[in-house]
Amino acid sequence: MNNPFRAHLNPALLRGLTRARRGGRPSPFGPTRRRTLQAGGAAAAALALSACGVGGQQRDTTADEDYWADKEETGTVRWANWPLYMDSDRTQLTQFTEATGIDVEYHEDVQETSSFFGQIQPKLANGDDLGYDMMTVTNGFEFTKLIELGYLVPLDHLQLPNFANYAGDLYKNSAFDPGNRYSVPYASGVTGIAYNPEFVDREIKSIADLWDPAFEGKVGMFGDPQEIANFGLLANGVFPSESNEADWEAAADKLREQRDAGIVRAYYDQDFIQPLTNGDLWLTMAWSGDIYQQNAEEGTDLRFIVPEEGATLWTDNLMIPFTSQAPVDALKLMDFLYEPEIATGLTEYINYVSPVPLTQEVMAEWAAGESDDERAEALLEMSESSLIFPTEDDYQNLHNYVTLETDDQDAFASIFQEITQS
């Protein structure tokens, strides 16, 4: 792990980033990051649908070939991220400033993807400064629009050695941004199946279990069109990233059968954890990080699986808008976050999947060297959890979302919203 930042890192500070989350201690999160993503229920869904129709002035990107030729470090970088997505002391950012001399203005301004896009799109269309040099956006409709409209600059991978050295292969080969031309992952999570063994007397293994009449009225599905479409497609044996409109219609038919048979209790935007815990739901589509946090903080025994047919990997991505005033500083911050100890500290706090596989080894080393028994146990438990560190078999069975050009987004969303909102 030889890199120019290492000499500046304080190992004691890195190992003390966050407290252990056990024994019913209050979470520093409030709602989890993924629940925040979906906050607002039907209102958020309506925003997402309306955003499909948002137009924009396409930028001429022919000059981007020479974009980096005259760019220099400025000493300050402005980052727009989601709330609750870094420890409250901004420890990693302090370490970055110590290592590079670059100050970070950190803004928790990304409350919801479509509304954030709606805020920045007019400014980008006019070529105006956003007030951000780097931003975190989830793969999906808005991410695709940002690329298609030419609002992101291609990254200079010569300035991203940590990404080259430490990013996992899966994170270098996404369907939504091949070759990481415009983005690198910040954190990911798995959309799979969770179930409560207190009410389910068999091991759940398959997406087909979500269609089992034995669970009538006890199954939860997600209301988000992209999320539920993935499971309808996988149930039909179709990989989402390889699907077409005929596949979407067939997946909708499959999901309609499930709904009309009375198997689905409700379509959830975020609030599936409590019904799953108390038995209103027995099994449900779920996000890996939410299940991990619920079990760690509340002592529950909810189970999470990557089903046999596969599951999906969502990713929050770091990118640079073409109006950035400090793109070199932004690249340096991006690369710093791939330093394994830094990535490990982030993983410990946010409980989502790191794009840096080595964090699992580093976390186990921290556990072995930790003098606080409770914290050592929490670190070891986290390092061994497939919810935080998917296994190789899990990764072989994880898929990207449906890849949609802007012209297809309206049709796609309406197909699946007809099921969840009728």
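The secondary structure of the protein comprises 17 helices and ten strands. The model is predicted, with an average pLDDT of 87 over the protein and a score of at least 70 for 87% of the residues.

Two totals describe the chain as a whole. Of the 422 residues in the protein, 59% are buried. Among contacts between residues at least 6 apart in sequence, 80% join residues at least 24 apart.

The helix packing comes next. Two packed helices are described by the angle between their axes and the distance between the axes. Helix α9 (residues 245–260) crosses α17 at roughly 15 degrees, and the two axes come within 9 Å. Angles under 35 degrees count as roughly parallel, and α9 and α17 are therefore roughly parallel to each other. The crossing of α9 with α17 is right-handed. On the α9 side, the contact is made by Glu245, Trp248, Glu249, Ala251, Ala252, Leu255, Arg256 and Arg259; on the α17 side, by Asp408, Ala411, Phe412, Ile415, Phe416, Glu418 and Ile419. Sorted by class, this contact holds nine nonpolar and six charged residues, and no polar ones.

Helix α8 (residues 225–235) also packs on α17, with axes that come within 9 Å and cross at roughly 85 degrees. The range from 65 to 115 degrees counts as roughly perpendicular, so α8 and α17 are roughly perpendicular to each other. Here Pro225, Gln226, Ile228 and Ala229 of α8 meet Phe412, Ala413, Phe416, Gln417 and Thr420 of α17. The classes in this contact are six nonpolar, three polar and no charged residues.

The crossing of α4 and α12 is right-handed. From α4 the contact uses Gln92, Leu93, Gln95, Phe96 and Ala99, and from α12 it uses Asp329, Lys332, Leu333 and Phe336. By class, the contact of α4 with α12 has five nonpolar, two polar and two charged residues.

Helix α12 is mostly covered, with nine of its ten residues buried. The buried residues of α12 are Pro327, Val328, Asp329, Ala330, Leu331, Leu333, Met334, Asp335 and Phe336. Among them, Asp329, Leu333 and Phe336 take part in the contact with α4.

Thr359 lies in helix α14 (residues 359–369). With a relative accessible area of 0%, Thr359 is buried. Apart from neighbours within four places in sequence, Thr359 is in contact with Pro340, Ala343, Thr344, Thr347, Ser354 and Phe389.

Trp282 sits in the loop between α10 (273–278) and β7 (283–287). Its relative accessible area is 23%, and Trp282 is therefore partly exposed, since buried means under 20%. Leaving aside neighbours within four places in sequence, Trp282 is in contact with Ala194, Tyr195, Asn196, Phe199, Val200, Ala214, Phe215, Lys218 and Leu276. Arg265 is 17 residues from Trp282 along the chain, and the C-alpha atoms of the two are separated by 9.9 Å.

Most residues other than glycine have a negative phi, and most peptide bonds are trans. Leu84 is not a glycine, yet has a positive phi of about 65 degrees. The position of Asn180 is in the loop between α7 (161–166) and β4 (184–195). Its relative accessibility is 3%, so Asn180 counts as buried.

How values were computed: Residues numbered from 1 in each chain as written. Predicted model: local features only at pLDDT ≥ 70, side-chain atom pairs only at ≥ 80, totals over all residues. Heavy atoms only, no water. Left-handed = near helix turned anticlockwise from the far one by under 90°. Helix = DSSP H or I, 4+ residues; strand = E, 2+ residues; numbered from the N terminus. Contact = heavy atoms within 4.5 Å. Nonpolar A, V, L, I, M, F, W, Y, C, P; charged D, E, K, R; others polar. Axes fitted to C-alpha atoms, helices over the stretch in contact; angles between N-to-C directions. Parallel < 35°, antiparallel > 145°, perpendicular 65-115°, else oblique. pLDDT = per-residue confidence, 0-100. Buried < 20%, exposed > 50% of the residue type's maximum accessible area, 1.4 Å probe, protein only.
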